[in-house]
Every structure is written in C-alpha cells, then in structure tokens.
Amino acid sequence: MVVNYLKASLLLVGMVFGSQVLAAHQIQHWLTEHGARVYFSEDNSLPMVDLRIVFDAGSARDNGKPGMALLTNGMLSEGAAGKNARQLAEQFEAVGAQFSNGSLKDMAWLNLRSLSEARYLKPALDNLKDILSRPTFPKAAYQRELARMKVALKASQQSPSTIADEAFYKALYGDHPYALPSSGTEASLKAMTLMDIKQFYRQYYVAQNAVVSIVGNVSREQAAAMVNEIFAELPSGQKADALPEVQPLTEAKTIRIDFPSKQSHVRVGQLGTRRGDHDYFTLYVANHPFGGSGFASRLVEEVREKRGLAYSVYSYFLPMRLAGPFQMGLQTRNDQTQQALDIIREELRRYVDQGPTPQELEDSVKNITGGFPLRVDSNRKRVEYLSMIGFYNLPLDYLDSFIGNIEAVD
C-alpha cells in the first residue's frame with residue numbers, strides 16, 4: 001500500500017517463498033470406517049501425545065458470510081455435553097492437557113496435547129470428543145462472541161496494516177472466496193445468526209471432511225482406537241465440494257488508500273503457487289536470497305541497509321489449496337514510499353532476469369537444509385506438518401525427501 005497518509009498502494013507482479021518443512025519419523029496412513037483420514041507417527045521419546053483434527057472448514061467455506069468459519073470454530077469449546085466453557089477448560093487442566101482451536105482460509109482445527117498415560121489421556125480425549133461431537137452452541141456465548149468480533153472488526157478498521165492486507169487480497173482474488181476477510185465484515189456479522197453457525201457445523205464438521213494427525217507415545221493400535229472413539233458419534237457426512245478455480249490477473253493495478261498515518265504500508269505481489277505444485281521447491285529456494293532470508297536478503301540490503309527506507313522488508317510465497325499469494329511488503333515514511341516502491345520493483349525485475357548468484361544459491365541451500373532439524377524438534381511441530389501432508393494430499397515421504405528436493409534446485 002502506498003502514498004499520502006496510509007498511502008496504501010498495491011501492485012501485482014511475481015516471485016517466491018513457501019512454508020518451512022521438517023524431517024519426519026515414519027508416517028503411517030489409513031482411512032477410518034467413518035471416512036476420516038488419519039496420519040500417525042510413533043515417537044516414544046517423551047510420555048506425551050499430540051493430536052490435531054483438521055476440517056475443510058476454513059473461511060473459504062463462509063459462503064458469502066465472512067466470519068462464519070471463525071465464529072463456528074470458536075463456539076465449539078463454549079459449551080458441550082452439558083458443560084460450559086469453564087468446566088471444559090477445567091477438565092483439560094485437571095489432567096494437565098492443553099486444548100486449542102482456530103481457523104484459516106483453507107482449514108479449521110482442534111488440537112490436543114496430553115500425557116500418554118491412560119489415566120491422563122482418556123479423560124482428555126473424552127473431553128475433546130464432547131467438544132467435537134456434542135457442542136451446545138449456547139446463545140449467551142454466541143451473542144458475546146459475536147459482539148467481540150464486531151468490536152475487533154472496528155479496531156481493525158483503524159489498522160493500516162489490516163486495511164492494506166484486505167485490499168491486497170480483494171484485488172488479487174476478486175470474487176473468489178479467498179478474497180473475503182476471515183474475521184468478517186460489518187454486513188456479514190450483522191446478518192449472522194445462531195442457526196447459520198449450527199448449519200455450518202453440521203455441514204463441515206463431519207468425518208469425511210476431516211484429517212486426523214497423531215504424533216507421540218502411543219502405538220498404531222492405540223492411535224486407531226483413539227480416533228475411532230473420538231469419531232464414534234460424529235456423522236460421516238460428505239467431503240466439502242471443490243472450491244472454484246482462482247482466476248489469473250489480467251492487468252497490473254496500483255491501489256492507493258488514504259489514511260491518517262505518518263507511515264505507508266506497501267503490499268506488492270500477485271498469484272503464486274498452490275500446495276503440491278511441482279515448482280514449489282524451486283520457488284522456495286529462489287525466494288530465500290531475494291526476500292525470504294531476513295537480513296541476508298537482497299531486499300533488506302537495498303531497502304534497509306543501503307538506504308534506510310524501512311526497518312523490515314520481505315517477500316514470500318504462501319501456498320494454499322489453490323494458488324496462494326506471492327507478496328512483497330514493507331512499511332515506510334510517507335515521503336519515502338515511492339522511492340521504496342521503485343526499488344523493490346527494480347530489484348524484482350533484476351532478479352527475474354538474472355536469478356541468484358552462485359554464492360547466493362549455495363548459501364540459501366545451506367541455510368535451509370541446516371535449519372531443517374529445528375523444524376522437527378517437537379511433537380507439536382511434527383503433528384502440524386502431518387496435518388499439512390494429509391490436508392493437501394502431499395506424498396508421505398514429503399518430509400524425508402525435503403532436503404533432497406532443496407539440494408536438487410540449481
């Protein structure tokens with residue numbers, strides 16, 4: 001975003017990042033009788049187990065009422081099986097378990113982390129089962145959460161960064177579901193009803209729309225029993241329909257949004273890549289020296305170090321089920337906005353034409369592969385990556401072959 005106060009300006013052009021990956025223990029995969037897909041990796045190094053249930057129930061499924069997926073997911077733990085939110089939380093706390101949930105554009109999830117000893121694990125799983133299969137959606141909690149979202153929305157309208165991001169996604173995706181803000185709009189939150197939330201839950205929180213990932217100190221047989229018990233009362237349902245294809249941009253645009261701020265927030269980019277794309281690893285490596293390696297990147301060198309125009313400047317690819325964005329961004333003083341924008345445009349053009357130097361490529365490959373072990377140093381991290389593999393139908397050896405795929409980029 002650019003010029004005059006917020007000076008929000010947005011451009012559409014192209015180039016690179018991806019999500020970090022990690023090394024894997026052996027991954028086992030199976031389909032339950034209810035239709036849920038399960039991904040399991042046994043790890044007996046700690047007496048703990050991490051479980052993550054992911055549904056194709058992110059904001060891309062809001063169906064014209066932005067905020068639906070977020071509010072539905074948040075309401076699950078507000079009341080279930082005759083227990084209120086406080087009682088549900090206390091039951092997890094009583095056995096030392098940790099529960100969390102959330103949603104993004106593609107997906108919504110529930111996480112459980114527990115000690116693996118049966119006297120701790122079983123009560124935690126029972127509580128999780130109640131939240132997933134027997135939510136009561138109490139009216140008072142719904143009204144409170146809806147009011148909280150409306151307050152948060154008003155606050156976000158005073159955030160130049162949020163305004164810039166929303167304008168960027170709208171220009172990038174047009175009338176596609178990815179274009180709409182996950183936290184809702186004034187009109188959608190006003191039109192939302194408790195019946196909408198219940199219907200969204202019934203449609204998308206079903207076994208055939210779920211991916212379950214388990215990492216930790218349990219056997220394959222125990223993992224299978226856990227999943228069967230959790231899903232025993234959840235309808236099989238149907239997998240969510242395919243999303244409409246993302247349409248490519250037909251022209252470049254610059255969007256300027258005036259805002260009473262001394263800083264301009266700049267977003268520049270275009271459609272990038274999707275999960276599983278054959279170019280993912282090439283783009284991931286290529287973006288690293290350009291704008292994805294922090295202080296070692298070209299963008300930081302040219303914009304921050306040489307000219308002092310911004311404290312932070314970056315670029316990345318955000319792969320999603322369909323083409324996610326490629327984005328460059330920075331924040332700078334209003335009177336420096338055009339200069340900073342010209343520099344990142346020129347650096348992008350130069351990089352597309354010439355690519356990285358041999359030294360930049362070598363350093364990037366070493367940096368990415370050298371940091372690889374840190375991305376598998378906990379069950380919590382591994383279970384998230386198993387979920388990614390399952391949700392996006394990536395190969396089971398995705399993590400094992402990651403270093404080789406990085407080193408193969410020339």
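Modeller: Start with a charge on a ring. The charged end of Lys105 sits over the ring of Tyr169, 5.1 Å from its centre. A charge sits over a ring here if NZ of Lys or CZ of Arg is within 6 Å of the ring centre and within 35 degrees of the ring normal. Arg304 also lies over a ring face, that of Tyr311, at 4.5 Å from the ring centre.

A word on the basis. This is a predicted model, so local features need pLDDT of at least 70 and side-chain atom pairs count only at pLDDT 80 or more, while totals for chains, interfaces and linings use all residues. Residues are numbered from 1 along each chain as its sequence is written, and side-chain values use heavy atoms, with hydrogens and water left out.

Now the rings themselves. The structure holds 19 aromatic pairs. One of them joins Tyr280 and Phe281: the ring centres are 5.1 Å apart and the planes stand at 80 degrees, so this pair is edge-to-face. Rings of Phe, Tyr and Trp (its six-membered ring) pair if their centres lie within 6.5 Å; planes under 30 degrees apart count as stacked, over 60 as edge-to-face and the rest as tilted.

Tyr280 is buried, at 3% relative accessible area. Phe281 is buried too, at 14%. Buried means under 20% relative accessible area, exposed over 50%, and partly exposed in between (1.4 Å probe, protein chains only).

Tyr314 and Tyr316 make a stacked pair, with 5.8 Å centre to centre and 20 degrees between the planes. Tyr314 is partly exposed, with a relative accessible area of 24%. Tyr316 also counts as partly exposed, at 24%.

Last, two strands for orientation. Strand β7 (residues 98-103) and strand β8 (residues 108-115) run antiparallel and are joined by six bridges. Strands (E, at least two residues) are DSSP runs, numbered from the N terminus. Two strands pair if DSSP finds at least two bridges between them. Four residues lie between β7 and β8, and the two strands form a hairpin. Lys105 was the residue whose charged end sits over Tyr169.
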